[in-house]
Amino acid sequence: MSSSISICVIYPDLLGTYGDGGNAIVLAQRLRWRGIKAETKLVDLGEDVPAGCDIYLLGGGEDQPQVSVTERLAETRVLHKAVDAGAVVFGVCAGMQILGKQFPGADYKLRPGLGLIDIETQRGDGPRRVGELATRGEINGAAVDYTGYENHQGITFLGSEARPLAQVVSGIGNEDGKGTEGAVQGRIITTYMHGPALVRNANLADQLLEMATGSALEPVNDVEVDELRRERFAAAHGRKHADSTQGAGIGVIGDLRRRVKRR
Amino acid sequence: MSLQRLLPKKAEAQKLSARSYFARAAGLGASELSRKLGRGEGSVIGGRVTLALDPNALATLGRGRSVVLVSGTNGKTTTTSMVSAALGTMGEVSTNSAGANMFGGMVHAMSASKAVATVLETDEAHLPKTVEATKPRVIVLLNLSRDQLDRVGEVRTEAVKWRNCLTGADGVTVVANGDDPMIVWAAQVASKVVWVSGGSGWRLDAASCPSCARKVIWNGDDWACSGCDLKRPSIDVDLDDDRVLIAGQTIPLRLSLPGIINRRNAAMALAAANVFGADLIGAAKAIGELTGVGGRFASVEISKVPSRLLLAKNPAGWTESLTLTKGSNEPLVVAINARIQDGQDPSWLWDVPFEQMKGRFVVATGERGRDLAVRLHYADVDHVFEPDSRKAVLRAAQELTDNSRLDVVANYSAFQDFRRLVDK
């Protein structure tokens, strides 16, 4: 096991709109609680992303900053080299889209992503996909539940090399009605879950840490996290019911309006 | 000189069609009924009834008035009351009640009062349509940072909408915060802008340039984009400790409200009042007498526990509030709800430096108090979770030293929950 784990947060000024900086706080604290040193590097806009970190985090962000982060990472290829060297990468929302093959910019035109994971994102129709998200995935063969809050316009398609992080229990996830959420390929894990994701899902945080340290980790005190999770799963269950009743109704009216407008 | 003398008389200002007249009367009736039934102030429901009967009510009621719109992420309600107090030295003012800042609340304000001088607190997302409908004489733009991402949307998208609505808005003076890059970019297209040093306690959303996305370089209060020519404009109205430097005058401020943030709000309000030619010394005095709007900053008792109520709705507001409570070792009550009006996603809690509370005892409460408890857990802050607001105050009071006061920091609807407990 490394004596110290370095966590690099990629341009939090540009990719930190939805509190995803919390993921770095969680990872570092969970290492410290276990007596493992953690070093968090927040990469400032004026700096290049450093090579050689153990974990790289990309958070959610707005359209225009998302494009400028991608351009810079494509130019320096630091992240490509880090992935080749075995770094763990965790991307949320815009951070997930950037890691894929293509995503839409502020002008809705598709732009090339970093191509580190076999996914493609397009601009979805209609309103943003917003609300509580509950999913079920697996870690080392055991079923695990995830809770998050999604807020995205993009819809993401998985290619043959990537597999979903989880299946949607309630909420929308990658693609409307398809039921998959997030994507995993090698040591890259991506998701639409804000909340932040690793705050609400200590299981996922520890999976990332076990990948980075290469060893199983002792449990820590997650009593308050577990209480929060219970509450959030109940709230997500409520959304599923709301969507299937009121949500559908609003959708039908919206469709009728659009048809009338076209005529 | 009275404001009315500068402006059309009340009667001339309000020539309403039969439909608009009826819509206004029906709305006022609904509002009165709602109040009598004990359903709150009734301003929103009244305005909605008027709007249902007369969808153009904002424009019809706004006609012939001298409208000031106040918008921004933080400080809207307080600054609106400051502008109203300042213009109140010149004559009668119509204004919306605290927080009723969407179309319903604004329409009701104009239904309820015919005063020509009209100061409207305007929700950020409602600003473009309100500008179009009311043809304001002054727009006060305070600041723009992340808030209610699930409802209002992303900051840059909002700035673009503002910029578009200010492009070609004739005859309006924009009183804008020159310290906030988002505001400067949105307001610089207006034909007339008064730049005020309105402060920038929160810089995360403006780290990258709203125009070209390159890094914004800060040097003390000064800032400039590293990639394009966007920079801090030459400031017209500045703050020097407790004096406002405006139009060649130095106006002393003696505010009842705490903190530099309120002195900055006062500078924005004086700049707006100056457009109307108000006597600034008198206006500053009127602003100084305000003791808090809708319970903000109020010193109160909850179950006999002396408490101060602080409202903080988003990362920028929380950072300001944490600054206000700094330097004390007394316990705190912190409350978070996530109703529609609060924004339903409190993940911004992770943008707030709660680590600053280390060494103090915190009681986490509110409907999303568990999110807060987990945030404090990871920040190594000594805390407990107590879902009940009153019990949360009593629990914190156990740790309070004699003759000191408990700070209660809450977001919007949680703050209203605490106001209902005052003197009970």
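This is a predicted model: local features need pLDDT of at least 70, side-chain atom pairs count only at pLDDT 80 or more; totals for chains, interfaces and linings use all residues.
Strands S9, S10 and S11 of chain B form an open sheet of three strands, in the order S9-S10-S11 and with antiparallel pairing. At the edges sit S9 (238-240) and S11 (249-252) of chain B, each pairing on one side only. From one strand to the next, the twist averages 30°. S9(B) is joined to S10(B), residues 243-246, by three bridges in the antiparallel sense.

Two helices pack on this sheet. H11(B) touches S9, S10 and S11 of chain B, and its direction makes about 35° with that of S10(B). Helix H12 of chain B (residues 280-288) touches S10 and S11, with its direction at about 25° to that of S11(B).

## H11 meets H6

H11(B), residues 259-275, also has helix H6(B), residues 76-88, as a neighbour: their axes come within 9 Å and cross at roughly 45°. That angle makes H6(B) oblique to H11(B), and the crossing is right-handed.

Among the residues that meet here are Met82(B), Val83(B) and Leu87(B) from H6(B), and Ala266(B), Ala269(B) and Leu270(B) from H11(B). By class, this contact has 10 nonpolar, four polar and no charged residues.

## Where the chains touch

Now to the contact between chains: 29 residues come from chain A and 22 residues from chain B. On the chain A side, the elements giving two or more residues are H1 (22-33), H2 (63-76), S9 (142-152) and H7 (223-262). H7(A) gives the most, with five residues. The chain A side divides into 12 nonpolar, 12 polar and five charged residues.

Notes. Residues are numbered from 1 along each chain as its sequence is written. Chains are lettered from A and ligands numbered from 1 in the order in which they are written. Two residues are in contact if their C-beta atoms, placed from the backbone, lie within 7 Å. Helices (H or I, at least four residues) and strands (E, at least two) are DSSP runs, numbered from the N terminus. Ala, Val, Leu, Ile, Met, Phe, Trp, Tyr, Cys and Pro count as nonpolar, Asp, Glu, Lys and Arg as charged, and the others, Gly among them, as polar. Axes are lines fitted to C-alpha atoms, for helices over the stretch in contact, and angles run from 0 to 180 degrees between N-to-C directions. Angles under 35 degrees count as roughly parallel, over 145 as roughly antiparallel, 65 to 115 as roughly perpendicular and the rest as oblique. A crossing is left-handed if the near helix is turned anticlockwise from the far one by less than a right angle, and right-handed if clockwise. Two strands pair if DSSP finds at least two bridges between them.
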